[in-house]
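This report describes the fold of one protein chain and then turns to individual residues within it. Please keep the sequence and the model in view while reading.

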Amino acid sequence: MVDARAVPEWADSEVPDETLDPQGVSRRNLIRGAGLLGAGFAVGMPGTASATAAGGTSYGSGNDPALVYLVGDHHVHSRYSHDAKYDFGQLALRGSQFGLDWMAFTEHANFGHADKGAEAERQEILKARAENPRMLIFQGLEWYIPAAEHGTVLVAPGPNEAELLRRFEREWDGKLTGRADSTPANEEHAVKALRWLADQKRAGFVDDVLVFANHPMRLGIDAPHELRGWRDAVAGVCVGMEGAPGSQGDAEPAWVAFRGATNAQRGEYVNAPRADSFAGYPADAYRTYGGFDWATATVGGLWDAMLAEGKLFSITSNSDNHRTIWDTWRDGVFPPGENFDSLGWKPSPTDSGTPQPGSDFWPGQFSRTHVGVERYGYLDVMAGLRSGRVWVDHGQLVDGIDVRLVPAGSRESHRGTTLGGRLSVHRGERLELRITVTSATRPNFHGLLPRLAHLDVIRGVVTGKPADPDGWKAPDTRVFDQVDVSKRTGTYTVRIPLGRAERSHYVRVRGSDGRRNGPGYLGRAIDPSGPIQHPTNDGDPWLDTWLYTNPIFVDVHR
């Protein structure tokens with residue numbers, strides 16, 4: 001029998017409505033009609049798969065089921081990373097307070113972590129899971145990708161989760177194996193690493209494993225051909241990238257003034273091209289736009305160029321929490337003669353009473369990744385990530401969004417092909433996009449009531465494999481329609497006629513609070529009201545919030 005406490009309070013029918021906080025009430029109302037409250041929503045113990053996770057449900061059939069979107073963060077650091085400081089309990093508590101249903105501890109690869117930290121961390125993970133039964137807590141790794149940037153390695157819970165990460169660090173990490181330089185041999189090593197992970201899943205050593213490229217444009221060293229190579233190395237392992245980096249508090253004006261910063265940018269995107277950067281990226285690629293990575297924020301840019309191949313590549317948004325702004329906790333002090341590599345971790349932090357250096361928000365406080373599932377379980381979250389049933393937002397911009405692609409005139413109100421799916425149609429068939437929004441019903445974690453100002457429907461033609469694997473433009477992608485929703489509240493549905501389907505294509509949705517926008521990076525004709533850069537040292541993240549959804553593909557046949 002499944003314990004009802006294995007689901008979040010908002011999904012537990014035994015918890016009275018009046019005891020929930022406003023966020024919990026809103027989330028319960030979103031799923032009440034779908035019949036997904038209570039113990040029947042829970043899968044069970046870690047490692048237990050539902051039919052959805054095991055591949056028993058086909059998505060993109062035009063009749064996708066109602067989904068519950070779980071809020072999570074796949075990129076969090078604890079004192080088991082050399083440059084972070086918090087205990088697992090602190091982070092789990094904060095994640096719970098800020099509404100997370102799932103989170104992943106992704107410690108930096110290091111010799112100390114591989115030798116001692118990974119296994120010691122597993123014991124902390126097991127304790128955190130026991131103390132937080134209503135949250136799914138993953139153990140992962142931040143991989144130094146050979147010849148490239150960092151990546152999240154996310155592993156399904158099980159007896160070998162720590163051992164897989166330890167072996168992976170030793171054999172495949174760019175820093176630990178001396179393969180950081182941008183050479184063809186090192187790039188191939190990264191591809192082999194992804195295949196090795198797939199082999200471990202195939203052999204049953206772990207139940208599942210996923211990889212995401214982290215902060216891809218921060219240093220400009222993730223070339224387009226590398227991102228494509230990771231995606232194509234083996235199906236279903238490297239399934240996406242961070243659409244927005246963490247460190248979103250770096251340029252918050254009051255924090256900038258307090259610490260006397262001189263070059264603060266959201267996401268800590270403060271770099272310039274260097275010798276090993278991809279020469280084809282413009283200097284602007286090293287900044288964020290509305291807090292999002294240039295590769296994602298540019299309509300017709302790198303993300304769209306990858307989607308235009310007709311292949312899914314998901315985006316996420318995460319805290320990358322190391323050190324929270326305005327937080328007063330200071331690093332623990334190592335015993336005499338010890339250091340991170342000798343122990344495999346750092347001592348617990350202590351409260352100094354005064355703000356300490358930092359650039360991050362707590363997990364769930366600002367950045368959220370929403371994953372669509374039918375059941376509440378680890379493998380279901382991973383299946384949702386792999387299938388692209390994902391949307392992301394900043395600042396709790398909306399309470400919920402559901403996107404469905406349907407034949408024009410369809411009377412099915414809650415069916416259709418949803419995020420990450422593929423709809424097969426005959427040429428000339430008319431289509432309609434239905435976007436159901438539940439506007440924010442409560443102040444966000446900065447005390448502001450968010451208001452969605454407009455929704456943008458972005459459409460791109462599927463053109464297949466690019467002639468240049470380092471191409472980063474999708475010239476047939478643009479904003480198809482923009483809808484002013486600034487006066488709409490509650491739950492409402494926007495219907496966008498897409499016309500006749502003549503060529504295979506995809507559609508995705510973007511939304512904004514409308515406070516900061518301008519012509520997109522590739523021009524007004526492509527994107528009339530897109531995200532823009534903020535001035536140095538003046539990037540209040542709470543006054544420039546956006547949401548993005550993953551695409552839905554349309555395969556057109558004669």
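At 7% relative accessibility, Asp320 counts as buried, where buried means under 20% relative accessible area, exposed over 50% and partly exposed in between, with a 1.4 Å probe and protein chains only. The model is a predicted one: local features need pLDDT of at least 70 and side-chain atom pairs count only at pLDDT 80 or more, whereas totals for chains, interfaces and linings use all residues. Residues are numbered from 1 along each chain as its sequence is written, and side-chain values use heavy atoms, with hydrogens and water left out.

**Residues with positive phi**

Asp320 sits in the loop between strand S9 (314–317) and strand S10 (329–330). Helices (H or I, at least four residues) and strands (E, at least two) are DSSP runs, numbered from the N terminus. Most residues other than glycine have a negative phi. Asp320, however, has a positive phi near 50 degrees. Ala147, which is not a glycine either, has a positive phi of about 70 degrees. The loop between strand S3 (136–144) and strand S4 (150–155) holds Ala147, and this alanine is buried with a relative accessible area of 0%.

**Overall architecture**

The chain has 11 helices and 22 strands. Its radius of gyration is 22 Å, close to the 24 Å that the globule rule gives for 558 residues, so the chain is as compact as a globular protein of that length. The radius is taken over C-alpha atoms, and the globule rule is 2.2 Å times the number of residues to the power 0.38. Along the principal axes, the C-alpha trace spans about 75 × 60 × 55 Å.

Of the 558 residues, 60% count as buried. Contact means heavy atoms within 4.5 Å; among contacts between residues at least 6 apart in sequence, 79% join residues at least 24 apart. The accessible surface comes to about 20,000 Å², of which 51% belongs to carbon and sulfur atoms; the areas come from the Shrake-Rupley method with a 1.4 Å probe, and for residues only the protein chains shown count as cover.

**Aromatic pairs**

Rings of Phe, Tyr and Trp (its six-membered ring) pair if their centres lie within 6.5 Å; planes under 30 degrees apart count as stacked, over 60 as edge-to-face and the rest as tilted. By this rule the chain has 24 aromatic pairs.

Tyr86 lies in the loop between strand S1 (68–76) and helix H2 (88–97), and Trp362 in the loop between strand S11 (350–351) and strand S12 (367–373), so the pair ties together parts that are 276 residues apart in sequence. Tyr86 and Trp362 are both buried. Phe278 and Tyr281 are likewise buried, and they belong to one aromatic cluster together with Tyr289, Trp294, Trp472 and Tyr521.

**Helix H6 and its cover**

Seven of the 10 residues of helix H6 (residues 224–233) are buried, so this helix is largely enclosed by the rest of the structure. The buried residues are Pro224, Glu226, Leu227, Arg228, Trp230, Arg231 and Ala233. Their cover includes helix H5 (184–202), strand S5 (209–213), strand S6 (238–244) and helix H9 (302–307).

**Further buried residues**

Ala193 is found in helix H5 and is buried at 0% relative accessibility. Leaving out residues up to four places away in sequence, Ala193 touches Trp143, Phe168 and Trp172. The C-alpha atoms of Ala193 and Arg259 are separated by 41 Å, with the two residues 66 apart along the chain.

Gln265 occupies the loop between helix H7 (253–259) and strand S7 (288–289), and its relative accessible area of 3% makes it buried. Beyond its neighbours within four places in sequence, Gln265 is in contact with Ser247, Asp250, Ala251, Val270, Arg287, His534 and Thr536.

Val425 belongs to strand S15 (residues 422–426) and is buried, with a relative accessible area of 3%. Not counting residues up to four places away in sequence, Val425 touches Leu431, Ala501, Val554, Asp555, Val556 and His557.
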